[in-house]
Amino acid sequence: TPPEQIRNFCIIAHIDHGKSTLADRMLQITGVVQPRQMRAQYLDRMDIERERGITIKSQAVRMPWQVLDETVALNMIDTPGHVDFTYEVSRSLAACEGAVLLVDAAQGIEAQTLANLYLAMENDLTIIPVLNKIDLPSAQPEKYAEELAGLIGCEPSDVLKVSGKTGEGVEELLDEIVTQLPAPEGDPDAPARAMIFDSVYDTYRGVVTYVRVVDGNLTPREKIAMMSTKATHELLEIGVISPEPIPSEGLGVGEVGYLITGVKDVRQSKVGDTVTAASAPATRAIGGYKDPKPMVFSGLYPIDGSDYPDLRDALDKLKLNDASLVYEPETSAALGFGFRVGFLGLLHLEICRERLEREFALDLIATQPNVVYDVTMDDGSEIVVTNPSEFPYGKVAEVREPVVKATILVPSEFIGAVMELCQGKRGQMGGMDYLSEDRVELRYTLPLAEIVFDFFDQLKSRTRGYASLDYQDAGDQAADLVKVDILLQGEGVDAFSAIVHKDKAYAYGTMMAGKLKELIPRQQFEVPIQAAIGSRVIARETIRAIRKDVLAKCYGGDISRKRKLIEKQKEGKKRMKNIGSVEVPQEAFIAALSSD
Ligand code: GTP
């Protein structure tokens with residue numbers, strides 16, 4: 001297809017504003033999916049993938065659309081919805097010329113709408129503002145058209161009004177995509193360059209890579225090279241998705257599709273990387289490539305120590321489909337053998353943990369997530385800390401922690417509540433704008449560590465669920481941070497060490513010591529629990545001694561009952577961990593690590 005007859009676009013929206021429904025409607029209206037095959041949210045259906053044994057989690061679908069007497073190929077590129085995946089979102093946007101900015105006509109603009117809009121503008125995309133769900137009785141299209149127009153600087157009458165549910169206005173939207181968006185530009189005679197915007201592992205076919213061709217063209221059976229690694233692969237298959245994969249004789253300038261080389265690990269086909277022809281490689285990669293950088297770390301331990309090899313195998317499998325997952329073995333005195341795992345953010349952590357538990361049937365303990373700290377010592381040496389228990393003792397000159405730029409949208413009555421929360425979380429205000437008279441956008445720079453803790457829950461509860469939040473990595477900042485250790489009878493319990501702001505150290509120490517006092521059963525001797533910064537104790541609790549003598553109860557009596565009791569105790573012992581001479585049931589650790 002010549003570039004003049006191609007339009008590449010994505011839909012950006014806040015969660016639940018109806019992106020999937022609109023995408024489905026477009027597939028149906030363009031005839032790509034027949035009504036009888038139509039199932040709700042065609043693009044989202046993982047079970048279809050499994051049934052057919054091929055990945056059609058269509059990251060990019062091609063739809064023919066006729067305007068006047070010309071047929072145009074519309075490529076709709078899907079974008080991941082969550083803040084943890086900002087980098088993937090930015091690469092998907094970079095593969096497009098324009099974006100449909102979709103806003104629920106009963107809700108108005110939300111934080112994710114804004115965050116995605118900013119990313120789209122950074123990528124110089126043409127923005128088509130659209131209000132969705134106009135069929136809803138509660139829709140206020142006039143009010144929100146004004147809000148949207150104010151935001152992107154157009155007339156309220158330029159805002160399209162559609163219903164993904166009924167299909168109203170969707171044909172006009174498709175026409176507008178063709179007329180408003182520029183056709184892709186590129187040099188057909190230059191060495192081939194294509195940008196990878198997604199890469200998915202498929203059990204049957206290996207890695208399926210989604211690309212947007214910028215210059216030249218790629219043809220099946222040629223040798224291709226990945227520009228970041230210089231690795232070469234044979235191009236086994238190339239084609240477009242519409243809505244099934246359709247192999248083709250090649251992809252040219254502006255085209256979007258998939259390619260298969262037989263590699264088995266998404267790390268060999270990385271999002272953001274440039275694909276070129278091995279025989280006549282391009283000299284310059286397409287800009288914007290970044291190695292995925294884990295932002296949040298957590299220790300993952302099997303509850304049953306004998307599951308450790310299974311946990312390792314499960315992580316190895318997850319990694320095939322997840323280029324941003326990193327892990328290395330770790331041993332904890334309290335929790336045994338496990339892994340320190342790095343994630344892009346909290347949601348990524350939750351997804352991975354759930355998959356490990358569900359798909360691999362593992363019972364896991366996760367330590368409190370922490371961010372990565374850069375520590376500079378007085379002698380100038382630098383240490384990167386991904387586990388609080390590794391925080392150095394001795395002369396620390398400076399500690400730096402990651403910060404994010406957060407966008408928070410709230411009804412104006414909650415401004416005070418949000419500001420108070422952000423200040424309590426060491427936030428610095430960057431600005432505030434009224435989107436309309438009763439809705440406000442607040443911008444803050446916040447330490448990621450504070451967001452990882454319980455920021456989102458607090459934000460929701462303080463604004464009765466009305467606030468929306470989105471954030472982006474914003475480098476790092478020096479802060480007055482210390483490590484708080486928790487000691488049982490003078491012995492440190494590694495899983496509970498935390499790096500916290502100096503002003504919050506005392507609160508953390510008393511909270512943890514108090515929790516453990518409740519959770520650890522009495523021993524035959526007194527057990528002090530201390531919280532300490534270095535050698536300075538900042539909080540203390542004591543577990544009183546008890547004479548534990550279970551057998552005394554059945555003196556002289558039934559010998560088999562006695563034996564049973566001993567067996568039972570042994571059973572229980574297996575789930576006990578010794579910290580020094582203190583026996584702690586594993587449940588106590590699990591309970592203490594859970595966030596409430
Ligand atoms: P995620 O995929 O979860 O990010 O959400 P989404 O933005 O894709 O929204 P989705 O398409 O799943 O729609 C969210 C909800 O809104 C669903 O319950 C839809 O049925 C409903 N919905 C979507 N479009 C319309 C519409 O035009 N009118 C009405 N009345 N409801 C709609």
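Asp16 sits in the loop that joins strand 1 (6-13) to helix 1 (19-29). Keep in mind that this is a predicted model. Asp16 has a relative accessibility of 64%, so it counts as exposed. If we set aside neighbours within four places in sequence, the contacts of Asp16 are Asp104 and Lys133.

Why start there? The unreviewed UniProt entry carries a "binding site" annotation that includes Asp16, and Lys133 is also among the residues it covers. Thr21 belongs to helix 1. Its relative accessibility is 30%, so Thr21 counts as partly exposed.

Next, the surface. Met429, Met432 and Tyr434 make a nonpolar patch of about 290 Å². Tyr434 is placed in strand 23, residues 428-436.

Which residues touch the most other members of the largest nonpolar core? They are Ile408 and Phe455, in a core of 50 residues. Helix 10, residues 448-462, gives the most to this core, namely six residues. Phe455 is in contact with Ile408, and also with Leu421, Cys422, Lys425, Leu446, Glu450 and Leu469, again leaving aside neighbours within four places in sequence. Another core, of 38 residues, lies apart from that one; Ala60, Cys96, Leu117 and Tyr258 are among its members.

That is what I have; I will take questions now.

Definitions and conventions: Residues numbered from 1 in each chain as written. Predicted model: local features only at pLDDT ≥ 70, side-chain atom pairs only at ≥ 80, totals over all residues. Heavy atoms only, no water. UniProt positions renumbered as here; feature names shortened; annotations may be inferred. Helix = DSSP H or I, 4+ residues; strand = E, 2+ residues; numbered from the N terminus. Buried < 20%, exposed > 50% of the residue type's maximum accessible area, 1.4 Å probe, protein only. Contact = heavy atoms within 4.5 Å. Patch = residues over 30% accessible without salt bridge, like charges linked within 9 Å, V, L, I, M, F, W, Y side chains within 5 Å. Areas by Shrake-Rupley, 256 points an atom, 1.4 Å probe, with all protein chains shown as cover. Salt bridge = Lys/Arg side-chain N within 4 Å of Asp/Glu carboxyl O. Core = buried A, V, L, I, M, F, W, Y, C linked by side-chain atoms within 4.5 Å.
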